[in-house]
Structures are given as C-alpha cells and as structure tokens.
Amino acid sequence: DPCITFDYKKDGCYARAHWMKKLLDEKYGYSCEKIFVYGRLKANNAGNCGSACINWGYHVAPYIQIIDASGKKQGLVIDPSLFNHAVSVDDWISAQEQSCCSGCTTGKHTEYEIKPGYQYFPNGATDTDYEKTLQTLRRFCRQCH
C-alpha cells in the first residue's frame, strides 16, 4: 500500500480521498461517496509538515451514510487530515473556516456537493486504475518523510 500523508494538508486531498474510497470498498465492502467543499477555505495545520495555515479553493474527503441509534440516516465525513474520527458535514466544513493566525481573515465556504465515489477531481475526472492516485500519494509522501 502507498504512504498516505495526512500531515501534508497543502495538496493531494483528491488522491487521499480516492485511495480511502478504494480501501473502504475493497477491504470493508463499503461503497462511499465523496464530499467536495468550495470557497476560500482555511484550516489549521497541527501536523509536522507544511505551514501553520492551509489555504484551499476546494477540499474533498470520503462521505458515508450511517443509520444512528434512533434509526435516522446521518452523513459523516472521514478526513484524517483534519480529524481523528468521522465527523458531521457541518463540523468538517467548520474546520475549513478557520482564522489560522492573529489578524488573518477566516475561511469561508461557498458551497458543497456530494459526488459519486469514483469522481477524482471536482471537474468530474476519474482515475479508475488508480495510476494518478498512486503517483500523487508517492510524490506527497516524499514531501513529508
């Protein structure tokens, strides 16, 4: 398996999300979707790779739906670059609307959308053989290790 560098938040979310989708499907038999959020996004980088504040035009992560204890359907986002557990869509988006330094503006999302799990980029491009995914994961792994 390739190195998945969740600490390299600056770029590569599309590859991380795509590989996690593959793992969820092949190892656990769970077909997930993906959530894309767009805007002037800012997230705190508590990891050991990159600057303290990350700026994105979009971000993507796997999106799953579960049935909670009350029998209600609930959507959750799996994004180890921001959280160590699955979170609600609202919590995930809020983590990208941060003010990362004193005097800095806060991030702001403009929209989000749920897309099929096979979608790789916001423009609808795919990577069915995972070739681009593996190249990207390997390149960014070298950035932080």
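**Cysteines and cavities in a predicted model**

Mentor: Cys 13 has a relative accessible area of 6% and is therefore buried. The model under discussion is a predicted one.

Trainee: Is Cys 32 buried or exposed?

Mentor: The sulfur of Cys 32 has its closest cysteine sulfur in Cys 13, at 14 Å, so the distance is too far for a bond. Residues under 20% relative accessible area count as buried. Cys 32 has a value of 4%, so this residue is buried.

Trainee: How many disulfides does the model contain, and which residues are joined?

Mentor: The count comes to one disulfide. Its S to S distance is 2.2 Å, and the residues joined are Cys 3 and Cys 141.

Trainee: How many residues apart in sequence are the parts that this pair ties together?

Mentor: Cys 3 and Cys 141 form the disulfide. Cys 3 belongs to the segment before α1, whereas Cys 141 belongs to helix α3, so the parts tied together are separated in sequence by 138 residues.

Trainee: What is the handedness of the disulfide between Cys 3 and Cys 141?

Mentor: Handedness is given here by the torsion about the S-S bond. For Cys 3 and Cys 141 that torsion is about 90°, so the disulfide is right-handed.

Trainee: Which class of accessibility does Cys 3 fall into, and which does Cys 141?

Mentor: The buried class lies under 20% relative accessible area, and the exposed class over 50%. Cys 141, at 13%, therefore counts as buried. Cys 3 has a value of 28%, so Cys 3 is partly exposed.

Trainee: Which element gives the largest share of the lining of the largest cavity?

Mentor: This cavity is lined by Thr 5, Gly 12, Ala 15, Arg 16, Thr 136, Leu 137 and Phe 140. Two or more of these residues come from each of α1 (13-28) and α3 (131-144). By class the lining has three nonpolar, three polar and one charged residues. With three residues, the largest share comes from α3.

Trainee: Which element gives the largest share of the lining of the second largest cavity?

Mentor: The second largest cavity holds about 30 Å³, and its lining includes Cys 13, Arg 16, Asp 79 and Ser 81. Four nonpolar, two polar and two charged residues make up this lining. At least two residues each are supplied by α1 and β2 (53-67). The largest share, four residues, comes from α1.

Trainee: Where is His 18 found, and is His 18 buried or exposed?

Mentor: His 18 is found in helix α1. Beyond four places away in sequence, His 18 touches residues including Lys 34, Tyr 118, Tyr 120, Asp 127 and Tyr 130. The relative accessible area of His 18 is 1%, so this residue is buried.

Note on methods. Residues numbered from 1 in each chain as written. Predicted model: local features only at pLDDT ≥ 70, side-chain atom pairs only at ≥ 80, totals over all residues. Heavy atoms only, no water. 1 Å grid on protein atoms, 1.4 Å probe; cavity = no way out; pocket = protein on both sides within 12 Å on 5 of 7 lines; lining within 4 Å. Nonpolar A, V, L, I, M, F, W, Y, C, P; charged D, E, K, R; others polar. Points joined across faces, edges and corners; volume = space filled by probe spheres on them. Buried < 20%, exposed > 50% of the residue type's maximum accessible area, 1.4 Å probe, protein only. Contact = heavy atoms within 4.5 Å. Disulfide = S-S within 2.5 Å.
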